[in-house]
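What follows is a short report for someone who is meeting this structure for the first time. Please look over the sequence and the model before reading on.

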Amino acid sequence: MQWLKQEQRVLLIAIGTAGLIVLVRGLGLLESWELSAFDRLFLLKPNATVEQREIIVTIGETEIRQAGKWPIPDREIAKLLEMLNAARPRAIGLGIYRDLPVEPGHDTLQKLYQNLPNLVGIEKLEDRNSPAVPAPRSLAASQRVGFSNALLDPDGRVRRGLLYWHLQGQTHTSFALKLALLYLKADGIVPQRAALNPRYLQLGQAVFRPLQKNDGGYVRIDAQGYQFMGHFIPPSAIEKVAMNDVLAGKIAPERFRDRIVLIGSTAPSLKDFAYIPYSAQFMDYTKPIYGVELHANFIAQLLDAATGKNSLIQVLPDWLEGMWILLWSAIGAWIVWTIRSPIRSSLMLLSAIVALFAAVYGNFLLGWWLSWIPPLLALIGSSAILTHYLAYRQEEFRRSKDFFKSAIDAIADPIFIKDVRHRWVVLNQAFCQLSGYSLEQLLGKSESDILSPEEAEILRAQDCLVFETGCSMENEEYFTDAMGKTYRIATKRSLHRDAAGNLFLIGAIRDITERKRVEDELRRTTVELSRSNEQLKLSRDRFHNLAYHDSLTGLPNRKHFNESLAQSLTWAKSNNCSIALLYLDLDGFKAVNDTLGHDFGDLLLEAVAGRIAHCVRNSDFVARLGGDEFTVILRGLHKVEDVSVAIGKITRSLSQPFALNGHTVVVKASIGSSIYPRDGDTEAVLLRKADLTMFEAKRLASDRISQNS
């Protein structure tokens, strides 16, 4: 992913080169090269075995001179057909035009036409280059005629075969297909519609997909009729015998039995020539074949395809051809990009060319026509363009290094410059001094070569982040020099791209070791001060608690009570509310203290404080003034009767026996009260009023005890 992001030019070169080749190919400028390369694949095929299903009876210059004229008289043709039919061939193909009588023997020949059901005649359909030549009427009437028209490529060679031709609403069958069907019929193979596509013809194992105008290396060819591409066989693989030898009985009848016998002219004077892929030589084109040999070749292709001996030529779809060209363009670019050595990259490119040809040739043997010239041009083109681009980049890279070197040598701070492979390409002397290594030891290296894995990983991660985001960044890191001394550094990184597109990471380093030491010292001092402040706060809180709370019961003490009473009065006045003050004194506490001891008395006071606190609201205030005296501030009174309710709750709670340290005691409390604003509006008045009512309550309790006793 990073390669794609940082080196988009490489990908663009591969795609652009492939696109240019596809465009040039689409204009037809490579068609002749591709067809020529296609021919040479045939020349490299292993030697074929002799064709056992066909035999050609040739009519050469000797036969013509003996007959004294051309065409050969009908009598000679009739005699030849009789002898061939006696040998029981599967089919006989009369590959010479017999549209006009050639006496003597015309009547005899006409009778043979009618009596030989396995005889197929030949006709020529009218095309743009020549008029039509009809077949003998009797053969045409029984539909035992095939056309001989051949398809010529722009270079005059025949590479395509024809199965059917549509002319004036009538379908015509080729001479080769007619004879092939007669031969295959004996093996139970008949033409049928292909299951994959009903419009396609299927013969045995072969489905004949009609050739399209841009298939293979062709560009906008005339694809009319039902055309196909088969595997040509060498002309030498088809057996030939002379007509005179057959008429003279020199050829054993077994040579013709159960085969297709083709009769055709091979006289150079008739100029019935054709050029096929096997006509090509590696340096010239000088080996034509005769028309009868061309028909025999197409028959062999049809028989091979139907019986599975050899497949038809198949081609890739246009989009897949484009991907095939792009693949080799990318391979060429990849080789040059990854292997920067000219010798090694040249050897790899040569290996790629060999691999390309091997792939094309291997697929050709399997029946696939893969383009060779376009991917070869794409491979060479992308590698050449990228080589030129890299040379330009290298020159700009050298200039950039020289410029950077001259610019940073005078800077006091350590400066480094890296390429996209994270290698140092330019360093100043300050960086060498910081690292403890010489310039020669550092150039071309990276952090992992001189630092610990942990430090190198952190520095590389920061470099990668800048390369990926393109944003300048500053980070603090550790850097250990050659002597083992570790520095704290601050590195600012940024990207620079030169005129050729070379990307550099420029880093400026500041040594912040001393600054960090001072910061750490200040941080430790701050922590110690904070800890001391916390301890002081705890001590202050503890002293405040001792100053404002009773050490025995934990209740607020007299000082705290006085401040709270003053605050409560201020609040009540500002909010126009009532508060009440209760003054409690325990009856009989001195006797308990004297009898059971001060420790028991302390336990009793703690228990009393707890019961009083549970009898009032959370908003009320309970305090111990000293000895067995307690006070309660009832804040926010809704009605005067609430004071009596609170006194009743406290009295009932304290009248319950106390079980402490194995002793059960009963104490009572005398409670006095005062209410603001009814009984006064100052602390002193309210406290005095509460104290007086408490003593009054204690006196009344004493009188009741005296009367009862």
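Leu23 sits in helix α2, which covers residues 8-26, in what is a predicted model. With a relative accessibility of 52%, Leu23 counts as exposed, because the cut-off for that class is over 50%. Together with Leu20, Leu27 and Leu29, Leu23 makes a nonpolar surface patch of about 430 Å².

**A three-stranded sheet**

Strands β7, β8 and β9 form an open sheet in that order, and their pairing is antiparallel. Strands β7 (192-193) and β9 (206-208) stand at the edges, and because each has a single partner strand, one side of each is left without a neighbour in the sheet. In general, strands of a sheet pair through backbone hydrogen bonds, in either a parallel or an antiparallel way. Here β7 is joined by two bridges to the antiparallel strand β8, residues 201-203, and Gln192 stands opposite Gln202 in β8.

**Aromatic pairs**

The count of aromatic pairs in the model comes to 18. In one of them, the rings of Phe42 and Phe232 have their centres 6.0 Å apart and their planes at 85°, so this pair is edge-to-face. The pair links distant parts of the chain, since Phe42 belongs to helix α3 (residues 31-43) while Phe232 belongs to the loop between β10 (226-228) and β11 (239-242), 190 residues apart. Phe42 counts as buried because its relative accessibility is 0%, and Phe232, with a relative accessibility of 0%, counts as buried too.

Another pair, that of Phe273 and Tyr290, is tilted, with 5.5 Å from centre to centre and 45° between the planes. Because Phe273 lies in strand β13 (residues 273-274) and Tyr290 in strand β14 (residues 289-290), this pair ties together parts that are 17 residues apart in sequence. Phe273 is partly exposed, with a relative accessible area of 38%.

Ring pairs also build a cluster, whose members include Phe38, Phe42, Phe208, Tyr218 and Phe232, as well as Trp369.

**Cysteines**

How many disulfides does the structure hold? It holds zero, a disulfide being in general a covalent bond between the sulfur atoms of two cysteines. Among the cysteines, Cys577 counts as partly exposed at 27% relative accessibility, whereas Cys615 is buried, with a relative accessible area of 10%.

**Separations along the chain and in space**

Leu552 is found in the loop between helices α17 (513-548) and α18 (558-575), and at 23% relative accessibility Leu552 counts as partly exposed. Glu606 lies in helix α20, which covers residues 598-615, and Glu606 counts as partly exposed at 38% relative accessibility. The table sets out one C-alpha to C-alpha separation for each of these two residues.

| Residues | Apart along the chain | C-alpha to C-alpha |
|---|---|---|
| Leu552 and Asp498 | 54 residues | 85 Å |
| Glu606 and Leu44 | 562 residues | 117 Å |

How values were computed: Residues are numbered from 1 along each chain as its sequence is written. This is a predicted model: local features need pLDDT of at least 70, side-chain atom pairs count only at pLDDT 80 or more; totals for chains, interfaces and linings use all residues. Side-chain values use heavy atoms; hydrogens and water are left out. Patches are made of residues with over 30% relative accessible area and no salt bridge: like charges are joined within 9 Å, nonpolar side chains (Val, Leu, Ile, Met, Phe, Trp, Tyr) within 5 Å. Accessible areas come from the Shrake-Rupley method with a 1.4 Å probe; for residues, only the protein chains shown count as cover. A salt bridge is a side-chain nitrogen of Lys or Arg within 4 Å of a carboxyl oxygen of Asp or Glu. Helices (H or I, at least four residues) and strands (E, at least two) are DSSP runs, numbered from the N terminus. Buried means under 20% relative accessible area, exposed over 50%, partly exposed in between (1.4 Å probe, protein chains only). A disulfide is a pair of cysteine sulfur atoms within 2.5 Å. Two strands pair if DSSP finds at least two bridges between them. Rings of Phe, Tyr and Trp (its six-membered ring) pair if their centres lie within 6.5 Å; planes under 30 degrees apart count as stacked, over 60 as edge-to-face and the rest as tilted.
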